[in-house]
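Thank you for making time this morning. I would like to walk through one chain with you, beginning with a few single residues and ending with the chain as a whole.

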Amino acid sequence: MVEICLHAIVIGRVQGVWFRKSTQDQAESLGLSGWVRNLPDSSVELMVSGDELAVRQLEAWLSQGPELAVVAEVKSKQKALQELPYPFVIVDFE
């Protein structure tokens, strides 16, 4: 099992449509660690780590999101492994 860490910004109509909660549910079902939060510019940011296949499954899901979301773009970049919260959490913008 190869573990990776991914940082992503999801752009579009992704706030007020249960995007964070749906992301948390997806991540938990895949056994991933990390966090998700809304950003002031109406995008959603997340950091996730775990098994590479599971992380890539979540990454693919982000381009669709929950039913009411309209995703225009997902900017993602692999990062160095780091310890992230488990289970996956929703956090407030700092």
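W18 is exposed, because its relative accessible area is 63%, and the cut-offs here are under 20% for buried, over 50% for exposed and partly exposed in between, with a 1.4 Å probe and protein chains only. What we have is a predicted model, in which local features need pLDDT of at least 70 and side-chain atom pairs count only at pLDDT 80 or more, while totals for chains, interfaces and linings use all residues. Residues are numbered from 1 along each chain as its sequence is written, and side-chain values use heavy atoms, with hydrogens and water left out.

W18 sits in the loop between β1 and α1, where helices (H or I, at least four residues) and strands (E, at least two) are DSSP runs numbered from the N terminus. The phi of W18 is positive, about 65°, although W18 is not a glycine. Most residues other than glycine have a negative phi, and most peptide bonds are trans. S42, in the loop between β2 and β3, is also not a glycine and has a positive phi of about 80°; S42 counts as partly exposed because its relative accessibility is 39%. G31, which follows α1, has a positive phi near 75°.

Let me turn to the loop between β4 (70–79) and β5 (89–90), which holds P85 and also P87. The peptide bond that joins Y86 and P87 is cis, with omega about 0°. P85 is partly exposed, since its relative accessibility is 34%. Although P85 and G34 are 51 residues apart in sequence, their C-alpha atoms are 5.1 Å apart in space. Setting aside residues up to four places away in sequence, P85 touches S33, G34 and W35, a contact being heavy atoms within 4.5 Å.

In strand β5 we find I90, whose C-alpha is 5.0 Å from that of V36, a residue 54 positions away in sequence. Apart from neighbours within four places, I90 is in contact with R20, K21, Q24 and V36.

Which residues of α1 are buried? They are F19, S22, T23, Q24 and A27, and these buried residues pack against β1 (3–13), β2 (33–38), β3 (44–51), α2, β4 and β5.

How many aromatic pairs are there? The count comes to one, if rings of Phe, Tyr and Trp (its six-membered ring) pair when their centres lie within 6.5 Å, with planes under 30 degrees apart called stacked, over 60 edge-to-face and the rest tilted. F19 and W61 form this tilted pair, at 5.7 Å centre to centre and 45° between the planes. The pair links distant parts of the chain, with F19 in helix α1 (residues 19–29) and W61 in helix α2 (residues 52–62), 42 residues apart. Both F19 and W61 are buried.

Finally, the whole chain: it has two helices and five strands, in the order β-α-β-β-α-β-β along the sequence. Its radius of gyration is 12 Å, close to the 12 Å that the globule rule gives for 94 residues, so the chain is as compact as a globular protein of that length; the radius is taken over C-alpha atoms, and the rule is 2.2 Å times the number of residues to the power 0.38. Buried residues make up 44% of the 94 residues, and among contacts with a separation of 6 or more, 79% are between residues 24 or more positions apart.
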